[in-house]
Amino acid sequence: MAMTAPKTKRGAARREMILRAAEKVFGERGFAASTIADLAREANTALGTYYIYFESKNAVFRELVLEMGTLTRRVMSDAVDGAPNRLEAERLGLRAFLGFVAERPALYRIVEEARFVDPDAYRDYFTQFAAAYQDQLERAEAAGEIRPGNAEVRAWALMGIAKNLGDQFALDGGADLDKIADEGFDLIRNGLAP
């Protein structure tokens, strides 16, 4: 059962506080080790108030996975808007993704944990992203910006590159994300051929 959206600014603010608290708690402790009481306490919210906005721990978790999908697509779209071609869009998009992971590591960890907690949400997250990516690659191929190939396979491969670079270099901070993005982009642009 989906909860209705808050009708007041105060209600929307309280719901947002619960979401941010859940992002922090789930991101630090993981889903299994977190309780609704932990979420309510972190949000400085009464337990009963929590249930006005979310019917369960799973519901707020799923909301965070959906939010990550929406935010990631927005960040990527904003980053590549105005790129002169698909290859430049790949470079800009990869750097933006790594930056987003570094900015919101807890949210990124939640999506990764969704593979086990909410497999449908996890699958939906990546499937929606891949479908949009595939469409962009097909348009770039039709415009002659990239060489012909299987856009679906390429979309998943490119997502895999970004995801693994995020896992390795962006989650824990400290890495020079510009250098990481440049190296990843070099592989995307030129492959491994000498």
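1. Tyr51 counts as partly exposed, at 39% relative accessibility. Tyr50 has a relative accessible area of 0% and is buried. (Buried is under 20%, exposed over 50%, partly exposed in between, with a 1.4 Å probe and protein chains only.)

2. This is a predicted model: local features need pLDDT of at least 70 and side-chain atom pairs pLDDT 80 or more, while totals for chains, interfaces and linings use all residues. Numbering runs from 1 along each chain as its sequence is written, and side-chain values use heavy atoms, without hydrogens or water.

3. Aromatic rings come next. Rings of Phe, Tyr and Trp (its six-membered ring) pair with centres within 6.5 Å; planes under 30 degrees apart are stacked, over 60 edge-to-face, the rest tilted. The count by this rule is 9 aromatic pairs. Tyr50 and Tyr51 are an edge-to-face pair, because their ring centres lie 5.4 Å apart and their planes stand at 85 degrees.

4. Phe97 and Tyr108 also pair edge-to-face, with ring centres 6.1 Å apart and planes at 65 degrees. Phe97 belongs to helix 5 and Tyr108 to helix 6, so this pair ties together parts 11 residues apart in sequence. (Helices are DSSP runs of H or I, at least four residues, numbered from the N terminus.) Both partners are buried: Phe97 has a relative accessible area of 8%, and Tyr108 one of 4%. Elsewhere, one aromatic cluster is formed by Phe26, Phe31 and Phe61.

5. Thr72 deserves a look. It sits in helix 4. Thr72 is buried, with a relative accessible area of 2%. Leaving out residues up to four places away in sequence, Thr72 touches Phe97, Phe100, Tyr125 and Phe129 (heavy atoms within 4.5 Å). Of these, Tyr125 and Phe129 are among the buried residues of helix 7.

6. Helix 7 covers residues 119–142. Its 24 residues reach 34 Å from first C-alpha to last, close to the expected 34 Å at 1.5 Å a residue. (Expected span is 1.5 Å times one less than the number of residues.) Just after helix 7, Gly144 has a positive phi of about 80 degrees.

7. What do the buried residues of helix 7 pack against? Their partners are helix 4 (57–80), helix 5 (86–103), helix 6 (105–117) and helix 8 (151–170). Those buried residues include Ala121, Tyr122, Phe126, Ala130, Tyr133, Leu137 and Ala140.

8. The largest pocket has a volume of about 660 Å³. Of its 31 lining residues, Met76, Val80, Arg86, Tyr133 and Gln136 lie nearest the centre. Helix 4, helix 5, helix 6, helix 7 and helix 8 each give two or more residues to this lining. Helix 7 gives the most, with 8 residues. By class, the lining has 20 nonpolar, 4 polar and 7 charged residues. (Ala, Val, Leu, Ile, Met, Phe, Trp, Tyr, Cys and Pro are nonpolar; Asp, Glu, Lys and Arg charged; the others, Gly among them, polar.)

9. The second largest pocket holds about 390 Å³ of space. It is lined by 15 residues, with Leu87, Arg147, Arg154, Ile188 and Arg189 nearest its centre. Helix 5, helix 8 and helix 9 (177–190) are the elements giving two or more residues to this lining. Its classes are 8 nonpolar, 2 polar and 5 charged residues. (A pocket is an open set of points on a 1 Å grid over the protein atoms alone, where a 1.4 Å probe fits, with protein on both sides within 12 Å along at least five of seven lines; lining residues have an atom within 4 Å of a point. Volume is the space filled by probe spheres set on the points.)
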